[in-house]
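Student: Can we go through this fold together? I'd like to start with the sheet and then look at the helices.

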Amino acid sequence: MSINSKELAKLACKALSEKKAEDIQVIDISGISVMADYFVIANGSNQNQIQAMCDAVEETLYKEGIPPKQIEGNRNSSWILMDYGDIIVHVFSKEDRLFYDLERIWGDGKFIDVSQLETEA
């Protein structure tokens, strides 16, 4: 069974939410970029939580047969980028998220209501 990009974003959001990620945002960039369909952006309150969030996303998507194409950052990073082709997951420290402000940079994208995304069948 093939999984679409919206379902991938939904799974990533669920994994992040289970690790108490803060301020999860989903931006549909399919109309403005060829790099991916969705950005999933979240932040954690400390290094251990950031790593747990990344581990949860990786494990959840791997169970669906979706390994990451590339992961940028490591256990000491304050911004970890997880490239799954159709979606890109950005996990930040609170400070780096404010500094890089991807929501402003990609503001031409369509912001998706995460709570609505999670309740869709």
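Tutor: What follows covers the sheet, the helices and the salt bridges of a predicted model.

Student: What order do the strands of the open sheet come in?

Tutor: The order is β3-β4-β5-β2-β1-β6, six strands with mixed pairing. The twist averages 20° from one strand to the next.

Student: Which strands stand at the edges?

Tutor: β3 (70–72) and β6 do. Each has a single partner strand, so one side of each is left without a neighbour in the sheet.

Student: How many bridges join β1 to β2?

Tutor: Five, and the two strands run antiparallel. β1 covers residues 22–28 and β2 covers residues 38–44.

Student: And how many bridges between β1 and β6?

Tutor: Three, again in the antiparallel sense, with β6 spanning residues 110–112.

Student: What is the bridge partner of Val26 in β2?

Tutor: Val40. In β6, the bridge partner of Val26 is Ile112.

Student: What stands opposite Asp28 in β6?

Tutor: Lys110.

Student: Moving to helices. At what angle do the axes of α1 and α2 cross?

Tutor: Roughly 140°, and the axes come within 8 Å. Here α1 is residues 5–18 and α2 is residues 47–63. That angle makes α1 oblique to α2.

Student: Why oblique and not roughly antiparallel?

Tutor: Because an angle has to be over 145 degrees to count as roughly antiparallel, and this crossing is at roughly 140°.

Student: Is the crossing left-handed or right-handed?

Tutor: α1 passes α2 in a right-handed crossing.

Student: Which residues make the contact?

Tutor: From α1, Leu8, Leu11, Ala12, Ala15 and Leu16. From α2, Met53, Ala56, Val57, Thr60 and Leu61.

Student: How many of those are nonpolar, polar or charged?

Tutor: Nine are nonpolar, one is polar and none is charged.

Student: Which strands does α2 lie across?

Tutor: β2, β3, β4 (79–83) and β5 (87–93). The helix α2 runs at about 165° to β5.

Student: Last topic. How many salt bridges are there in the whole structure?

Tutor: A search finds six. One of them pairs Lys14 with Glu18, where the closest N and O atoms are 2.7 Å apart.

Student: How are Lys14 and Glu18 placed in α1?

Tutor: They are four residues apart in the helix, which means that about one helical turn separates Lys14 from Glu18.

Definitions and conventions: Residues are numbered from 1 along each chain as its sequence is written. This is a predicted model: local features need pLDDT of at least 70, side-chain atom pairs count only at pLDDT 80 or more; totals for chains, interfaces and linings use all residues. Side-chain values use heavy atoms; hydrogens and water are left out. Axes are lines fitted to C-alpha atoms, for helices over the stretch in contact, and angles run from 0 to 180 degrees between N-to-C directions. Angles under 35 degrees count as roughly parallel, over 145 as roughly antiparallel, 65 to 115 as roughly perpendicular and the rest as oblique. A crossing is left-handed if the near helix is turned anticlockwise from the far one by less than a right angle, and right-handed if clockwise. Contact means heavy atoms within 4.5 Å. Ala, Val, Leu, Ile, Met, Phe, Trp, Tyr, Cys and Pro count as nonpolar, Asp, Glu, Lys and Arg as charged, and the others, Gly among them, as polar. Two strands pair if DSSP finds at least two bridges between them. A salt bridge is a side-chain nitrogen of Lys or Arg within 4 Å of a carboxyl oxygen of Asp or Glu.
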